[in-house]
Amino acid sequence: MARVVVVGLGPGHADLLTAGTMDALEVGRSRFVRTARHPAAAAVPDAVSFDDVYEGAASMDEVYATIVDRLVAAAGDEGEVLYAVPGSPVVAERTVELLHARADVEVTVLP
């Protein structure tokens, strides 16, 4: 089954990232960030951001659904992808909630 590994980028600069997050970022797999407009996104320089989705969507519900669809498709193609979100992936992160609701992808969260 396809897998999305979710990590949190914390509240600020990359020097605040946990050791577990840094280890997850070093594993060779396709990487995505919800937004590149976060100070710690620089810790994932080769990641694809979803900033284009925010700019083109009519609503936040559409933004989140599109991000989840793209992640699941990439995981299906690659087997496993990494998804980095601002803050914590377990606090008010709608995309992570939507990923958990999907039956076609396994989700591993590293808070």
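This is a predicted model: local features need pLDDT of at least 70, side-chain atom pairs count only at pLDDT 80 or more; totals for chains, interfaces and linings use all residues.

**Entry 1: helices on the sheet.** I started with helix α3, residues 60-78, which lies across β1, β2 and β4. I looked up its direction too: α3 runs at about 150° to β4.

Entry 2: In what order do the five strands stand? I read it off as β3-β2-β4-β1-β5, an open sheet with parallel pairing. The edges are β3 and β5, and each has a single partner strand, so one side of each has no neighbour in the sheet.

**Entry 3: strand β1.** I picked β1, residues 3-8, and asked how covered it is. It is mostly covered, with five of its six residues buried. Then I went through its partners. Six bridges join β1 to β4 (residues 80-85), and the two run parallel. For one example I looked up Gly8, whose bridge partner in β4 is Val85. Five bridges join β1 to β5 (residues 106-110), also running parallel. Here I looked up Val6, and its bridge partner in β5 is Val109.

**Entry 4: β2 and β3.** How many bridges join β2 to β3? I found two, and these strands run parallel. Phe32 turned up here, with Val48 as its bridge partner in β3. I kept Phe32 in mind for the next search.

**Entry 5: aromatic rings.** I searched the whole structure for aromatic pairs and got two. One of them is Phe32 with Phe50, a stacked pair with 5.6 Å centre to centre and 10° between the planes. This pair links distant parts of the chain: Phe32 sits in strand β2 (residues 30-33), Phe50 in the loop between β3 (48-49) and α2 (51-56), and they are 18 residues apart.

Are these two buried or exposed? Phe32 has a relative accessible area of 10%, so I put it down as buried, since buried means under 20%.

Phe50 turned out to have another ring partner, Tyr83. Why is that pair called edge-to-face? Their centres are 6.2 Å apart and their planes are at 75°, so the pair gets that label, because over 60 degrees counts as edge-to-face. Phe50 is in the loop between β3 and α2 and Tyr83 is in strand β4, so this pair ties together parts 33 residues apart in sequence. I checked burial again, and both Phe50 and Tyr83 are buried. I wrote the three rings down together, as Phe32, Phe50 and Tyr83 form one aromatic cluster.

**Entry 6: Arg34.** My last stop was Arg34, which I found in the loop between β2 and β3. Buried or exposed? Its relative accessibility is 14%, so Arg34 counts as buried. Which side chain does it join by a polar contact? It's Glu93, with a polar contact of 3.1 Å between the two side chains.

I then listed what else touches Arg34, leaving aside its neighbours within four places in sequence.

Key:
Residues are numbered from 1 along each chain as its sequence is written. Side-chain values use heavy atoms; hydrogens and water are left out. Buried means under 20% relative accessible area, exposed over 50%, partly exposed in between (1.4 Å probe, protein chains only). Helices (H or I, at least four residues) and strands (E, at least two) are DSSP runs, numbered from the N terminus. Two strands pair if DSSP finds at least two bridges between them. Rings of Phe, Tyr and Trp (its six-membered ring) pair if their centres lie within 6.5 Å; planes under 30 degrees apart count as stacked, over 60 as edge-to-face and the rest as tilted. Contact means heavy atoms within 4.5 Å. Axes are lines fitted to C-alpha atoms, for helices over the stretch in contact, and angles run from 0 to 180 degrees between N-to-C directions. A polar contact is a pair of N or O atoms within 3.5 Å; within protein, one must be able to donate a hydrogen and the other to accept it, and residues adjacent in sequence count only if both atoms are side-chain atoms.
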